[in-house]
Amino acid sequence: MNQQKSYQETGKGSLYLVPTPIGNLEDMTFRAIRIMKEADVIAAEDTRNTKKLSNYFEIDTPIISYHEHNKESSGPKLIERMEQGETVALVSDAGMPSISDPGYELVQAAIENNLAVIPLPGANAALTALIASGLAPQPFYFYGFLHRGKKEKRAELERLRSLKDTFILYESPHRLKETLKELHQSLGNRQIVICRELTKKFEEFIRGSLEDVLEWAETGEIRGEFCVMVEGNPQPDEEEQEEWWNDYSIEGHVQYYIEEKEMSSKSAIKEVAKERNLPKREVYQAFHVEK
């Protein structure tokens with residue numbers, strides 16, 4: 001058990017989790033600026049970006065690097081500094097530390113060493129996008145980035161498919177089209193909202209069915225990081241879960257088992273025939289001949 005009284009004097013330092021603007025610098029809070037100024041050191045995902053932010057708000061606190069590739073070496077040094085009484089302000093490039101950004105391991109280490117971990121409220125892309133999406137805002141499920149591998153991504157979407165809550169993904173511009181296609185194949189033609197350039201001059205929301213948004217993606221401007229919000233399964237009952245393959249063609253259904261379950265084509269055809277209550281020869285014909 002760990003009981004934290006955030007502002008009790010202990011002789012040790014603290015770890016402040018400081019959100020930074022996701023686009024518009026006016027979203028930096030007064031308290032976030034003060035904490036960054038008062039901290040002994042700022043631990044930053046990218047020191048260059050944080051230096052620009054610090055210069056804008058006249059923050060002269062020393063900045064050191066803490067990111068995904070140096071966390072194993074940088075983390076213990078930060079813990080040691082806090083053990084000696086120093087205050088560390090952790091920031092990511094944009095938004096809240098630990099949300100699809102570095103920070104989780106440092107928070108864990110601080111808690112294990114009985115150091116106070118103090119979160120500040122502030123900018124977050126997922127919540128900002130969700131409240132303007134028009135989709136049900138609660139309950140919701142934040143997933144973040146899908147796996148880059150095609151096989152792993154399909155497995156993740158298969159798990160999300162039956163979720164009845166609105167769920168939120170992050171996606172990069174060069175993978176957006178592929179992810180939209182995978183969403184359509186796995187989930188069917190659900191309602192979806194994607195947005196880009198949140199809080200910036202060119203902020204844009206695209207709302208509609210997956211088919212609508214896929215059509216937009218063929219000609220629309222795909223730039224910047226995207227927040228993707230997907231309607232939950234409106235019928236997550238037993239019958240719907242048993243018929244997860246409704247949006248697959250027979251060929252696609254067989255191919256799913258071959259690729260995802262690593263079945264032989266013979267075994268996959270047998271399984272598809274069983275699930276669809278079709279003669280095996282009909283499935284064989286659709287997969288081997290008609291394709």
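The structure is a predicted model, in which local features need pLDDT of at least 70 and side-chain atom pairs count only at pLDDT 80 or more, while totals for chains, interfaces and linings use all residues. Residues are numbered from 1 along each chain as its sequence is written, and side-chain values use heavy atoms, with hydrogens and water left out.

The secondary structure consists of twelve helices and ten strands; these are DSSP runs numbered from the N terminus, with helices (H or I) of at least four residues and strands (E) of at least two. The C-alpha trace spans about 75 × 45 × 30 Å along its principal axes. Of the 291 residues in the protein, 43% are buried, where buried means under 20% relative accessible area, exposed means over 50%, and partly exposed lies in between (1.4 Å probe, protein chains only). Among contacts in the protein with a separation of 6 or more, 67% join residues 24 or more positions apart; contact means heavy atoms within 4.5 Å.

In soluble globular proteins, nonpolar side chains tend to be buried together. A nonpolar core is here a set of buried Ala, Val, Leu, Ile, Met, Phe, Trp, Tyr and Cys residues joined through side-chain atoms within 4.5 Å. The largest such core has 20 residues, and those with the most contacts inside it are Leu180, Leu183, Ile192, Ile194 and Val228. Two or more residues of this core are given by each of α6 (150-160), β7 (166-171), α7 (176-187), β8 (191-196), α8 (210-219) and β10 (226-230). Helix α8 supplies the largest share, five residues. When residues up to four places away in sequence are not counted, Leu180 touches Ile192, Ile194, Leu210, Val213, Leu214 and Ala217. A second, separate core of 18 residues includes Ile42, Ile59, Ala89 and Val91.

Two packed helices are described by the angle between their axes and the distance between the axes. The axes are lines fitted to C-alpha atoms, for helices over the stretch in contact, and angles run from 0 to 180 degrees between N-to-C directions. Helix α3 (residues 71-83) packs against helix α4 (residues 104-112) at an angle of about 35°, with the axes 10 Å apart. Their crossing is right-handed; a crossing is right-handed if the near helix is turned clockwise from the far one by less than a right angle, and left-handed if anticlockwise. Lys71, Gly75, Leu78 and Ile79 of α3 make this contact with Glu105, Leu106, Ala109 and Ala110 of α4. The contact of α3 with α4 has five nonpolar, one polar and two charged residues, where Ala, Val, Leu, Ile, Met, Phe, Trp, Tyr, Cys and Pro count as nonpolar, Asp, Glu, Lys and Arg as charged, and the others, Gly among them, as polar.

The axes of helix α10 (residues 250-260) and helix α11 (residues 265-276) come within 9 Å and cross at roughly 125°. Helices α10 and α11 are therefore oblique to each other, given that angles under 35 degrees count as roughly parallel, over 145 as roughly antiparallel, 65 to 115 as roughly perpendicular and the rest as oblique. This crossing of α10 and α11 is also right-handed. Ile250, His253, Val254, Tyr257 and Ile258 in α10 meet Ser265, Ala268, Ile269, Glu271, Val272, Glu275 and Arg276 in α11. By class, the residues of this contact divide into seven nonpolar, two polar and three charged. The buried residues of α10 are Ile250, Gly252, His253, Val254, Tyr256, Tyr257 and Glu260.

Phe287, found in helix α12 (residues 280-289), is buried, with a relative accessible area of 4%. Not counting residues up to four places away in sequence, Phe287 touches Glu251, Val254, Gln255, Ile258, Ser265 and Ile269. Phe287 and Ser249 are 38 residues apart in sequence and 9.6 Å apart in space, C-alpha to C-alpha.

Most residues other than glycine have a negative phi, and most peptide bonds are trans. Glu262, in the loop between α10 and α11, has a positive phi near 55° and counts as exposed at 60% relative accessibility. Glu197, in the loop between β8 and β9 (204-209), has a positive phi of about 55° but counts as buried at 19% relative accessibility. The peptide bond from Gln138 to Pro139 is cis, with omega near -5°. Gln138 lies in the loop between α5 (125-131) and β6 (140-145) and, at 67% relative accessibility, counts as exposed.
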